[in-house]
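User: Please take me through this model. I want each label set against its cut-off.

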Amino acid sequence: MDDWCRACKAARTHVIVAVAVDGTISQVLCGFCGSRHRFRGRGPGPDRSGESLAAPVQPGAAVLVSDRERSLSVSDPSTDLEMMLRRVIREEAGLTPVAPSEKWRGGDLVLRPRAPGLKEQSWPIESFFHKVVMLRNRLRVLEQQVNGLEVPEDVKLKLQTYITGCYGSLTSFNVLFADPDDRFRGSGGGE
């Protein structure tokens, strides 16, 4: 069943997990991120324009749901609470699923040495993209931690400047991201 996933902020394929007494769908589980939420019907988000949600699940996107979380029984009340807490923590920490740009999905990252006799190295681009996203998320958490420190303002400003510099150094990887809002921004605020 297709529905708008609030956690992914995209149209996704969902599994029906609860039906009301009158037979209407009440809850669904996102097949992409694993979040469980009320069935919203056929509409791409808040405007509910009624368009079909035939958008397929995007392969290669970084998924923030562990195998353990996927294997939890959806009928157990303690599981419901655990899944809800995990989703809230991800959303509050800003750790949302991030998709690579369409042109990179399924591709490889290749490092080719200059010398012709040396072997090149190759990795799936999704693995590299996942590492970049993890680095971005950890920088965000570090930034939050620095902002919460009880230290003199000049020390806090110096640490924040280093973090902003790290973001700026990572803007070269912005070409990998599908959504411009997910990209790195340095002190200039642009790419």
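**Strands and hairpins**

User: Which residue of β3 stands opposite valine 15?

Analyst: Leucine 29 in β3 stands opposite valine 15. Before going on, note that this is a predicted model, in which local features need pLDDT of at least 70 and side-chain atom pairs count only at pLDDT 80 or more, while totals for chains, interfaces and linings use all residues. Residues are numbered from 1 along each chain as its sequence is written, and side-chain values use heavy atoms, with hydrogens and water left out.

User: What makes β2 and β3 a pair?

Analyst: Two strands pair if DSSP finds at least two bridges between them. β2 (residues 10–19) and β3 (residues 25–30) have five bridges, in the antiparallel sense.

User: How many bridges join β3 to β4?

Analyst: Three bridges join β3 to β4 (residues 36–38), and the two run antiparallel. Glutamine 27 has arginine 38 in β4 as its bridge partner. The hairpin of β3 and β4 also has five residues between the strands, with glycine 34 at a positive phi near 85°.

User: How many helices and strands does the protein chain have, and what counts as one?

Analyst: The protein chain has four helices and six strands. Both are DSSP runs, numbered from the N terminus: helices are H or I with at least four residues, strands are E with at least two. From the N terminus on, the order is β-β-β-β-α-α-β-β-α-α.

**Helix α4**

User: How does the span of α4 compare with the expected value?

Analyst: α4 (residues 153–169) has 17 residues. The expected span is 1.5 Å times one less than the number of residues, which for α4 comes to 24 Å. From first C-alpha to last, α4 reaches 24 Å, close to expectation.

User: Which residues of α4 are buried?

Analyst: Lys156, Ile163 and Tyr167 are buried. Buried means under 20% relative accessible area, exposed over 50%, partly exposed in between (1.4 Å probe, protein chains only).

User: Why is glutamine 160 called partly exposed?

Analyst: Glutamine 160 has a relative accessible area of 25%, which lies between the cut-offs, so partly exposed is the label. Glutamine 160 sits in α4. Leaving out residues up to four places away in sequence, it touches Val146 and Asn147; contact means heavy atoms within 4.5 Å.

**Aromatic rings**

User: How many aromatic pairs are there, and what makes a pair?

Analyst: There are four aromatic pairs. Rings of Phe, Tyr and Trp (its six-membered ring) pair if their centres lie within 6.5 Å; planes under 30 degrees apart count as stacked, over 60 as edge-to-face and the rest as tilted.

User: Why is tyrosine 167 with phenylalanine 184 called a tilted pair?

Analyst: The ring centres of tyrosine 167 and phenylalanine 184 are 6.3 Å apart and the planes stand at 45°, so the pair is tilted. Tyrosine 167 is in α4 and phenylalanine 184 in the segment after α4, so the pair ties together parts 17 residues apart in sequence.

User: What makes phenylalanine 177 with phenylalanine 184 edge-to-face?

Analyst: Their centres are 5.9 Å apart and their planes at 85°, so the pair is edge-to-face. Phenylalanine 177 is buried, at a relative accessible area of 1%. Phenylalanine 184 is buried, also with a value of 1%. Phe129, Tyr167, Phe177 and Phe184 form one aromatic cluster.

**Cysteines**

User: How do you know how many disulfides there are?

Analyst: A disulfide is a pair of cysteine sulfur atoms within 2.5 Å. The closest cysteine sulfur to that of cysteine 30 is in cysteine 5, at 3.7 Å, too far for a bond. The count by this rule is zero. Cysteine 5 is buried at 0% relative accessibility, and cysteine 30 is buried at 2%.
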